[in-house]
Amino acid sequence: MDFARQRTHRHFLAAPLFLFAILLPVSLSALPGSLLGSSAALEQERPVPSLSGTSVQSMPDGVQVLLFEDAVLDTASTVLAVREGSILVSAEGIARVSVSSSMEAIAFNGLFHVSRYGDRVTVAALTSPVLLSQNGRKMLIPAGRLWRSGGMVLPSLAGGLELWIGARSTDAVPRSFLRDQLRSSALLPPASDAWLPPSRVRAPLLTSSAVPRFPAAAQRFLQEQEEIALGLLRHAVEERDGFAVGRLLQQPEYGEVFAADRAQRAILLFLSRSAEFSPVALPLLTHLSATSDLWLLFSIHPRVNTAAWALIEPELSKEDELLCWMTLPEADFQPVAFDDVILRRWIERLSAYSDLLEDSQAFLSLFIRHTDAAVARMDASHYPERAERLIAAVHDFVQPFLPMLPQQSQDTVRGWEQRGKVPLLSVTFGEEAQPASSAQTREHAPQQSPQPASVPSEQVEAQAKALLADAGALFTLRTQVAHAGGSLVQVRGLVFSTSLRDRVFDFLLDTERGEVRGISEGVQAYPYALPFQQFVAWASR
């Protein structure tokens with residue numbers, strides 16, 4: 001976003017006392033107490049700026065910014081940059097804010113607050129998570145948390161795990177501060193779609209000779225192609241045609257266009273307006289998740305986190321993996337709990353990653369301490385089921401390493417065991433963990449469980465067919481349902497009919513656990529498991 005060349009609209013607002021009388025009060029009843037800390041923490045930083053003298057900055061891509069009376073922007077910057085003071089940022093798609101000469105804040109589909117006074121920066125993720133990036137080093141702030149800089153430098157992992165984690169610790173957003181910012185956001189106008197190209201049904205046929213050779217002409221040609229490609233994509237999204245969306249995003253002739261900044265912002269806006277498991281959202285999410293920064297945001301965003309974990313396998317650096325490990329327990333404080341599939345995938349990635357650590361003992365000790373802090377917060381926030389589920393998942397992961405860990409770590413895990421809950425892997429999707437018997441509480445060492453009696457293949461296949469038929473699936477002459485051992489059934493060529501088209505799937509169905517994995521639709525493969533009902537809802541859209 002170039003302030004020197006692009007138009008912006010700035011509106012100055014007077015905010016006398018009667019303004020608050022006509023503003024509708026913001027209800028905080030839907031927000032968990034864990035998101036709302038005491039107000040003392042921010043009051044020590046600086047009082048919340050008055051709304052008197054505030055102004056609104058409307059950015060060309062629909063991002064809306066409320067500048068408080070002390071806010072000073074760097075107008076020489078090509079991005080939204082805070083030189084001094086406080087701003088409130090609202091984005092339906094993506095928003096990027098430079099909070100220092102080397103640090104950038106990125107958020108998707110939500111509201112966040114940035115303040116800068118000298119070398120002290122505070123970033124509060126109000127309704128969406130925020131990713132901070134500084135010279136290749138990153139941190140994630142979950143929604144409802146805030147971060148204060150310590151000299152505005154994020155240390156690298158080379159400085160050690162303790163330093164790395166300590167510099168990225170967050171606090172709860174104070175209740176009064178959240179209330180004030182939500183009220184302030186009522187001053188922001190609705191985002192404009194004027195920057196998007198109009199929807200279009202078809203594009204002119206391209207030939208190799210159509211591409212100009214001269215630089216100026218080639219640049220104009222690329223801009224025209226951008227208008228065409230985004231117009232076609234907009235039409236496919238508005239028609240809810242997921243197949244057309246995926247085909248467009250994979251077309252080689254539009255590869256450069258869809259990789260450009262404007263197109264990325266448009267695709268993020270389209271994603272924010274789509275249901276998480278809709279046919280349109282999945283190809284958009286897959287395209288965007290090729291960028292690790294965006295996947296990190298998606299992984300803890302309430303709007304898309306389940307799809308991000310269940311259907312995408314991102315390529316992450318060592319430090320990005322650590323961000324996932326550290327941030328996910330802190331992010332599970334939204335009104336709707338994380339889906340079980342997220343915890344399963346989190347532990348799977350963690351298990352694979354821990355083998356690569358040079359000092360696994362130090363890592364596991366920190367991991368246990370970090371988990372225990374999240375468990376304490378969940379208990380204090382009246383989320384005991386989430387605490388028990390987190391403990392069950394982490395216990396299964398750390399238990400084999402327990403004898404080599406320090407006594408303090410062992411005592412923490414033993415304390416978890418006294419809660420007496422069933423391990424996560426034995427909990428059925430969608431059900432809360434149930435109290436274990438006293439014998440289960442005492443016996444946590446791996447044991448040889450009795451083998452269940454084998455079930456005839458015909459019975460397993462019949463059960464799978466009944467489940468699928470009840471879900472509205474269509475069987476054709478090409479549909480195959482074959483027992484694959486135990487409770488697993490391989491399904492090929494199964495059809496789900498939607499209002500737009502018929503969708504044909506291959507997948508592996510686990511009739512006992514009620515989940516579907518190894519999903520493929522044509523050439524598109526989705527490598528991770530989904531709860532059966534969630535798969536059906538997605539496949540039927």
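Figure 1. Q410 sits in helix α16, which covers residues 407-417. This is a predicted model, and the view starts with a glutamine that is tucked away: Q410 has a relative accessible area of 16% and is buried, since anything under 20% gets that label. What does Q410 touch once residues up to four places away in sequence are set aside? The partners are L402, P403 and L405.

Figure 2. Helix α14 runs over residues 360-380, and S365 is part of it. Is S365 buried or exposed? Its relative accessibility is 14%, so S365 goes down as buried. With residues up to four places away in sequence left out, S365 touches L405, P406 and S409. For S409 there is also a polar link to look for: the side chains of S365 and S409 are joined by a polar contact of 3.5 Å. L405 turns up in the previous view too, as one of the residues touched by Q410.

Figure 3. The backbone is worth a look here: phi of H382 is near 65°, which is positive although the residue is not a glycine. How accessible is H382? Its relative accessible area is 69%, so H382 is exposed, the cut-off for that word being over 50%.

**Figure 4. R240 and the way into helix α6.** R240 is in the loop between α5 (215-238) and α6. Here is another positive phi in a residue other than glycine, with R240 near 60°. R240 has a relative accessible area of 40%, so it is classed as partly exposed. Next along is the start of α6, where D241 has a side-chain oxygen within 3.3 Å of the backbone nitrogen of F243.

**Figure 5. Helix α6 against helix α9.** Two packed helices are described by the angle between their axes and the distance between the axes. For α6 (residues 242-250) and α9 (residues 281-288), the axes come within 8 Å and cross at roughly 25°. Why are the two called roughly parallel? Angles under 35 degrees count as roughly parallel, and α6 and α9 therefore qualify. On the α6 side the contact is made by G242, V245, G246 and L249, and on the α9 side by P283, L284 and H287. Sorted by class, the residues of this contact are four nonpolar, three polar and no charged. Now look along α6 itself: G242, A244, V245, G246, L248 and L249 are buried.

**Figure 6. Helix α10 beside helix α12.** Here the helices to find are α10 (residues 292-299) and α12 (residues 318-331), whose axes come within 11 Å and cross at roughly 10°. With that crossing angle, α10 and α12 are therefore roughly parallel to each other. Which residues meet across this pair? From α10 they are S292, W295 and L296, and from α12 they are D320, L323 and C324. The class count for the contact is four nonpolar, one polar and one charged.

**Figure 7. A525 in strand β17.** A525 belongs to strand β17, made up of residues 524-526. Leave out its neighbours within four places in sequence, and A525 is in contact with I519 and S520. Also pick out L311: it is 214 residues from A525 along the chain, yet the two C-alpha atoms are 8.5 Å apart.

**Figure 8. The whole chain, and where to be careful.** Zoom out and the chain has 19 helices and 18 strands. Of its 541 residues, 52% are buried. Take the contacts between residues at least 6 apart in sequence, and 60% of them join residues at least 24 apart. How confident is the predictor overall? The average pLDDT is 79, and 79% of the residues score at least 70. Residues 1-49 are another matter, as pLDDT stays under 50 there; the model has 101 contacts beyond four places in sequence for this stretch. Over residues 421-452 the pLDDT is below 50 as well, and the model gives that stretch 44 contacts beyond near neighbours in sequence.

Technical notes:
Residues are numbered from 1 along each chain as its sequence is written. This is a predicted model: local features need pLDDT of at least 70, side-chain atom pairs count only at pLDDT 80 or more; totals for chains, interfaces and linings use all residues. Side-chain values use heavy atoms; hydrogens and water are left out. Axes are lines fitted to C-alpha atoms, for helices over the stretch in contact, and angles run from 0 to 180 degrees between N-to-C directions. Helices (H or I, at least four residues) and strands (E, at least two) are DSSP runs, numbered from the N terminus. Angles under 35 degrees count as roughly parallel, over 145 as roughly antiparallel, 65 to 115 as roughly perpendicular and the rest as oblique. Contact means heavy atoms within 4.5 Å. Ala, Val, Leu, Ile, Met, Phe, Trp, Tyr, Cys and Pro count as nonpolar, Asp, Glu, Lys and Arg as charged, and the others, Gly among them, as polar. Buried means under 20% relative accessible area, exposed over 50%, partly exposed in between (1.4 Å probe, protein chains only). A polar contact is a pair of N or O atoms within 3.5 Å; within protein, one must be able to donate a hydrogen and the other to accept it, and residues adjacent in sequence count only if both atoms are side-chain atoms. pLDDT is the predictor's confidence in each residue, from 0 to 100.
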